[in-house]
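Please keep the sequence and the coordinates at hand while reading.

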Amino acid sequence: MELYERIREVRKYLEMSQEEFGNKLGVSRDVIKNIELDRLKKPEQKEPLLKLICKEFGVNENWLRFGDGEMFQPLSTDEKLAGFMGALMKCDDSDPVKKLLIGFVELSPEEQEQMKELMKKILENREK
């Protein structure tokens, strides 16, 4: 698979149109179309966009350039948590996960410790 095909694969995986993908990268739909059709003849024209695709979408640069490894970089725990919290903020207050977390925060420190111990036991049993 060639570079231009991997760029198309990223866009399709993200379920974005060429226009949406381009908007996210600050370029027109035509730029994305030309890249996906391998019409940009000068490699240096693509260079800034390759870096931006990796940064904006978490794409593994080795995969994008050479096809090595996985399409996306694994997220750190903090990045996963930030994504979860961002999604949670958009949830309605009736969302059960949101209600559970608010309930946990409202517990006393002692009650929170008891809940943590219970969660540890549940996770230990799940790993068996």
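A residue is termed buried under 20% relative accessible area, exposed over 50%, and partly exposed in between. The model under discussion is predicted. Cys-91, at 26% relative accessibility, therefore counts as partly exposed. Cys-54, by contrast, is buried, because its relative accessible area is 10%. The structure holds zero disulfides.

The interior may be considered next. In soluble globular proteins, nonpolar side chains tend to be buried together. Here the largest nonpolar core comprises 18 residues, of which Ile-7, Phe-21, Ile-53, Val-59 and Leu-64 touch the most other members. Two or more residues of this core come from each of α1 (3-13), α2 (18-25), α3 (29-36), α4 (43-57) and α5 (61-66). Helix α4 gives the most, with five residues. Val-59 illustrates the surroundings of one such member: leaving aside residues up to four places away in sequence, Val-59 touches Val-10, Ile-53, Cys-54, Leu-64, Met-71, Phe-72 and Gln-73.

Leu-81, Phe-84, Met-85, Val-97 and Leu-101 make a nonpolar surface patch of about 410 Å². Helices α6 (77-90) and α7 (96-105) each supply at least two of the patch residues, and α6 gives the most, with three. Leu-101 is placed in helix α7 and is partly exposed, since its relative accessible area is 33%. Leu-100 also lies in helix α7; at 60% relative accessibility, Leu-100 counts as exposed. The C-alpha atom of Leu-100 is separated by 46 Å from that of Lys-33, and the two residues are 67 residues apart along the chain.

Charged pairs complete the picture. The whole structure contains eleven salt bridges. One of them joins Glu-47 and Arg-65, with an N to O distance of 2.4 Å. Glu-47 lies in helix α4 and Arg-65 in helix α5, so this pair ties together parts that are 18 residues apart in sequence. Glu-47 is partly exposed at 31% relative accessible area, and Arg-65 is partly exposed at 22%. Both belong to a network of salt bridges that links Glu-47, Lys-51, Glu-61 and Arg-65.

Which side chain meets Lys-46 in a salt bridge? The partner is Asp-38, at 3.4 Å from N to O. Lys-46 counts as buried, because its relative accessibility is 11%, whereas Asp-38 is partly exposed at 30%. A further salt bridge connects Arg-29 with Asp-30, whose closest N and O atoms are 3.4 Å apart. Arg-29 counts as partly exposed at 37% relative accessibility, and Asp-30 counts as partly exposed at 46%.

Key:
Residues numbered from 1 in each chain as written. Predicted model: local features only at pLDDT ≥ 70, side-chain atom pairs only at ≥ 80, totals over all residues. Heavy atoms only, no water. Patch = residues over 30% accessible without salt bridge, like charges linked within 9 Å, V, L, I, M, F, W, Y side chains within 5 Å. Areas by Shrake-Rupley, 256 points an atom, 1.4 Å probe, with all protein chains shown as cover. Salt bridge = Lys/Arg side-chain N within 4 Å of Asp/Glu carboxyl O. Helix = DSSP H or I, 4+ residues; strand = E, 2+ residues; numbered from the N terminus. Buried < 20%, exposed > 50% of the residue type's maximum accessible area, 1.4 Å probe, protein only. Core = buried A, V, L, I, M, F, W, Y, C linked by side-chain atoms within 4.5 Å. Contact = heavy atoms within 4.5 Å. Disulfide = S-S within 2.5 Å.
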